[in-house]
Amino acid sequence: MADLDFTAIPAPSRKCMVCGCDLALVLKHPSLLRINERDQTDRRDVCPDCWEKMSDRQFFSFWLTQREAPKPDPRVAREQQKAT
């Protein structure tokens with residue numbers, strides 16, 4: 001492993017890399033980092049259920065990604081605007 005560029009790690013994915021479920025609603029989920037043959041980093045985000053079932057634990061590092069809860073949409077529908 002030569003000089004690894006950890007600044008090139010992408011932002012968290014919106015979907016689980018194993019089952020494809022939506023991770024936006026999961027407030028904490030595991031993320032793992034793999035390093036390929038060319039010393040490039042590869043980030044994988046998985047849901048907690050898939051993390052428990054994972055048999056391939058060949059990775060360089062892992063951590064818990066914490067997301068903010070989705071904020072409610074501040075826009076008001078036209079019907080509601082007309083009613084007020």
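Student: What makes strand E1 (residues 28-35) and E3 a pair?

Tutor: Six bridges join E1 and E3 in the antiparallel sense. Two strands pair if DSSP finds at least two bridges between them, so six bridges qualify. The names come from DSSP runs: helices (H or I) need at least four residues and strands (E) at least two, numbered from the N terminus. Please keep in mind that this is a predicted model, where local features need pLDDT of at least 70 and side-chain atom pairs count only at pLDDT 80 or more, while totals for chains, interfaces and linings use all residues. Residues are numbered from 1 along each chain as its sequence is written, and side-chain values use heavy atoms, leaving out hydrogens and water.

Student: Which strands of the open sheet are called edge strands?

Tutor: The open sheet has three strands in the order E2-E1-E3, with antiparallel pairing. E2 and E3 are the edge strands, as each pairs on one side only.

Student: How do you know that the side chains of Thr65 and Arg43 make a polar contact?

Tutor: Their separation is 3.2 Å. A polar contact is a pair of N or O atoms within 3.5 Å; within protein, one must be able to donate a hydrogen and the other to accept it, and residues adjacent in sequence count only if both atoms are side-chain atoms. The value of 3.2 Å is therefore within the limit. The side chain of Thr65 also makes a polar contact with that of Ser31, at 2.5 Å. As for Arg43, a polar atom of its side chain lies 3.0 Å from the backbone oxygen of Pro10.

Student: What makes up the largest nonpolar core?

Tutor: It has eight residues: Cys16, Leu23, Leu32, Val46, Cys47, Cys50, Trp51 and Met54. A nonpolar core is a set of buried Ala, Val, Leu, Ile, Met, Phe, Trp, Tyr and Cys residues joined through side-chain atoms within 4.5 Å. Cys16 counts as buried because its relative accessibility is 4%, and Cys47 is buried at 5%. In soluble globular proteins, nonpolar side chains tend to be buried together.

Student: How many disulfides does the structure hold?

Tutor: The structure holds zero disulfides. For Cys16, the nearest cysteine sulfur is that of Cys19, 3.8 Å away; for Cys47, the nearest is that of Cys50, at 3.4 Å. A disulfide is a pair of cysteine sulfur atoms within 2.5 Å, so Cys16 is in no disulfide, and Cys47 is in no disulfide either.

Definitions and conventions. Buried means under 20% relative accessible area, exposed over 50%, partly exposed in between (1.4 Å probe, protein chains only).
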